[in-house]
Amino acid sequence: MILPRCVTQAVYILCHLRRQDAASVTAARSIAKAVGVPPEQACKILRSLSQRGLVRSTRGRTGGYALAQPLSEVSMADIFDAVVPPDENRHRRTCAVAPTDACTAQEGLLGFHRRFQVFLENENVSSIINGSCVPSPATEACGVCEAD
């Protein structure tokens, strides 16, 4: 798959939260179990999503997480930016053949990165998971999550 695993896991988490009562919060461990993500990874993703305002968190014994906004307003770029560590220089490399020159592939990679970013910005999460986030009768887990 082209997307990093943490992005896919974040979509599964948001899918699960979409199915929950909007007035309540769901514990991170419960979310992790429901979507099949290790608890530590789920907590890390939830923290990142919370910092970006995509989910809201409530602290304390009865705390947990809930969606902060409709998924139709959340782009895949929002998720990507929240859970993938930023690396401003990921495409800035010197050429292995001529180390003093910029790599000739650099501009092509930067152009691809820009086009991919525009694509992610134009895809909202709701359109990706719409209709696929249906409970499975056997497990009550999200049907999308079971496919991973």
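Contact here means heavy atoms within 4.5 Å. What you see is a predicted model, where local features need pLDDT of at least 70, side-chain atom pairs count only at pLDDT 80 or more, and totals for chains, interfaces and linings use all residues. Residues are numbered from 1 along each chain as its sequence is written, and side-chain values use heavy atoms, with hydrogens and water left out.

**View 1. Helix H1 meets helix H2.** Tyr12, Ile13, His16 and Leu17 in H1 touch Ile31, Ala34 and Val35 in H2. Sorted by type, the contact has six nonpolar residues, one polar and no charged (nonpolar is Ala, Val, Leu, Ile, Met, Phe, Trp, Tyr, Cys and Pro; charged is Asp, Glu, Lys and Arg; the others, Gly among them, are polar). The axes of H1 (residues 5-18) and H2 (residues 28-35) come within 10 Å and cross at roughly 110°. H1 and H2 are therefore roughly perpendicular (65 to 115 degrees).

**View 2. Helix H2 packs on helix H3.** Here the axes of H2 and H3 lie 9 Å apart, at an angle of about 115°. That makes this pair, H2 and H3, roughly perpendicular. On the H2 side you'll find Ala28, Arg29, Ile31 and Ala32, and on the H3 side Pro39, Ala42, Cys43 and Leu46. Seven of the residues in this contact are nonpolar, none polar and one charged.

**View 3. Helix H4 under cover.** Six of the eight residues in H4 (residues 76-83) are buried (under 20% relative accessible area, 1.4 Å probe, protein chains only). They are Met76, Ala77, Ile79, Phe80, Ala82 and Val83. The cover over these buried residues includes H1, H3 (39-51), H5 (106-121) and H6 (125-129).

Definitions and conventions:
Axes fitted to C-alpha atoms, helices over the stretch in contact; angles between N-to-C directions. Helix = DSSP H or I, 4+ residues; strand = E, 2+ residues; numbered from the N terminus. Parallel < 35°, antiparallel > 145°, perpendicular 65-115°, else oblique. Buried < 20%, exposed > 50% of the residue type's maximum accessible area, 1.4 Å probe, protein only.
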